[in-house]
Amino acid sequence: MDKRLLDILCDPVSKTPVRPLSGSEINALNKAIDEGQVQTVNGAAVQNRLAEGLITTDRKVVYRVEDGIPVMLPEEGIGTTQLTDFPSAA
């Protein structure tokens, strides 16, 4: 993802900056998605694995990236507190 875009993107609610998900974070998230354990902030089940995503620097919310385009809709965010095996640090 373009570094200039990352520099201006932030969580639309908290205004916390975001960074790309690490490989271990994506793997943990996709494992939970495969097991049917992941919901968006609005309660919808997440059914599709993420190829890439962005996470707030406070590690609370993940946003998916589709075809290189960040989907920064508050209701589409994925809270990390629901992920039991999410890495504690990137």
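In this predicted model, the side chains of R49 and D34 come together in a salt bridge, at 2.3 Å from N to O. The term salt bridge is used here for a side-chain nitrogen of Lys or Arg within 4 Å of a carboxyl oxygen of Asp or Glu. Because R49 lies in the loop between α2 (23–34) and β2 (53–56) while D34 belongs to helix α2, the pair ties together parts that are 15 residues apart in sequence. Helices (H or I, at least four residues) and strands (E, at least two) are DSSP runs, numbered from the N terminus.

A second pairing brings E76 and R64 into a salt bridge, with 2.8 Å from N to O. Distant parts of the chain are again linked: E76 sits in the loop between β4 (69–70) and β5 (78–79), and R64 in strand β3 (residues 61–66), 12 residues apart. Shared partners also join R19, E25 and R59 into one network of salt bridges.

K31 and E35 form a further salt bridge, their closest N and O atoms being 3.8 Å apart. K31 is partly exposed, at a relative accessible area of 45%, and E35 is partly exposed too, at 44%. On this scale, buried means under 20% relative accessible area, exposed over 50%, and partly exposed in between (1.4 Å probe, protein chains only). Altogether, the salt-bridge rule gives a count of eight.

As a note on reading these values, the model is predicted, so local features need pLDDT of at least 70 and side-chain atom pairs count only at pLDDT 80 or more, while totals for chains, interfaces and linings use all residues. Residues are numbered from 1 along each chain as its sequence is written, and side-chain values use heavy atoms, with hydrogens and water left out.
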